[in-house]
Amino acid sequence: MRKLLVCQHVAFEILGTLNPLLKGHGFRIRYVNFGRHPDARPDLDRYHGLIVLGGPMSVNHAERFPHLETEIDLIQRAIAAEMPVLGICLGAQLIAKALGAPVRESTEKEIGWYDVSLTAEGQSDPLFAHFEPTERLFQWHGDTFDTPSDGVHLAHSPACNSQAFRYRDNVYGLQFHLEVDEPLISRWLRVPVHRRELRALEGKIDPQAIRDETPVRIERAKQLSEKTFSEFIRLFGAVRKHKTLAFR
């Protein structure tokens, strides 16, 4: 049985639509919840892939969240071992930083549904071959990152140039949230940390507008989620024998 390690940061950032797909393909999933166990030091030896989920903290706040440095080291070791690696939102930012790219506060927060356009490389990438050139996708982030120097830039939005990238053939970072469904979005709009964030924006983003748009967009988002994540799962069939766990 293939085993997958999942880095989680808060209770409300979960695998979402990825969970039934992974279980349907026979994966055994182990969560490391750094929110509950910030001193955890997970070992990759028994695993075949790594997924790093989102969270409300910034990659650049390692002094407050020292587990972020643990995760960067974990990502570097997974990459060196040629494992499939997927990062979502904060997870994508951690992968970018692990590969030497800067992560910084964005000039504009994206919270809700936004147009995301594929680059030429994105249109030919197997994970996004089923996308239209521009899709309306769900976002919740205030930081952004540069595409790593050896990475391939796959997608952008008007306010955020780096929406997705690939490193080699098996490492992907997605700034947007393809894993959400309607109940998860509703939950995110209710959690206290998100409600405080929205209030601090002083009306720039309307939670009710997000609620109203979600039923219109969610079916297409589910289609994209299933196809994109199914393609990512296919990468496990092409994984080579793991190498020594040292980042080079």
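Two strands count as paired here if DSSP finds at least two bridges between them; helices (H or I, at least four residues) and strands (E, at least two) are themselves DSSP runs, numbered from the N terminus. The model is a predicted one, so local features need pLDDT of at least 70 and side-chain atom pairs count only at pLDDT 80 or more, while totals for chains, interfaces and linings use all residues. Residue numbers start from 1 along each chain as its sequence is written, and side-chain values use heavy atoms, with hydrogens and water left out.

On that pairing rule, β3 and β4 run in the parallel sense, joined over 3 bridges. To get from β3 to β4 the chain goes through α2, and this β-α-β crossover is right-handed (with the strands pointing away from the viewer, the path from the first strand over the helix to the second runs clockwise). Leucine 50 has valine 85 of β4 as its bridge partner. Valine 85 also has a bridge partner in β9, namely valine 171. Strand β9 (residues 171–174) pairs with β4 in the parallel sense as well, over 4 bridges.

Both faces of β4 are covered: Val85 and Gly87 sit on one side, Leu86 and Ile88 on the other, and all of them are buried. Buried stands for under 20% relative accessible area, exposed for over 50%, and partly exposed for anything in between (1.4 Å probe, protein chains only). Glycine 87, which lies in β4 (residues 85–88), counts as buried because its relative accessible area is 0%. Leaving aside residues up to four places away in sequence, glycine 87 touches Val52, Ala92, Ile95, Tyr172, Gly173 and Leu174, where contact means heavy atoms within 4.5 Å. Between glycine 87 and glycine 173 there are 4.7 Å in space, C-alpha to C-alpha, against a separation of 86 residues in sequence.

Back in the loop between β3 (49–52) and α2 (67–80) is serine 58. Serine 58 is classed as buried because its relative accessibility is 10%. Its side chain makes a polar contact of 2.8 Å with the side chain of aspartate 143. For such a contact, a pair of N or O atoms must lie within 3.5 Å; within protein, one must be able to donate a hydrogen and the other to accept it, and residues adjacent in sequence count only if both atoms are side-chain atoms. A polar atom of the serine 58 side chain also lies 3.1 Å from the backbone nitrogen of asparagine 60. With residues up to four places away in sequence not counted, serine 58 touches Leu68 and Asp143.

Then there are the rings. Those of Phe, Tyr and Trp (its six-membered ring) pair if their centres lie within 6.5 Å; planes under 30 degrees apart count as stacked, over 60 as edge-to-face and the rest as tilted. By this rule the tally is 8 aromatic pairs. One of them is the edge-to-face pair of tryptophan 113 and phenylalanine 138, at 5.4 Å centre to centre and 70° between the planes. That pair links distant parts of the chain, with tryptophan 113 in strand β5 (residues 103–118) and phenylalanine 138 in strand β6 (residues 134–145), 25 residues apart. Tryptophan 113 is buried at a relative accessible area of 5%, and phenylalanine 138 is buried at 1%. Tryptophan 140 and tryptophan 188 are edge-to-face too, 6.4 Å centre to centre with 90° between the planes. Through ring pairs, Trp113, Phe138, Trp140 and Trp188 end up in a cluster.
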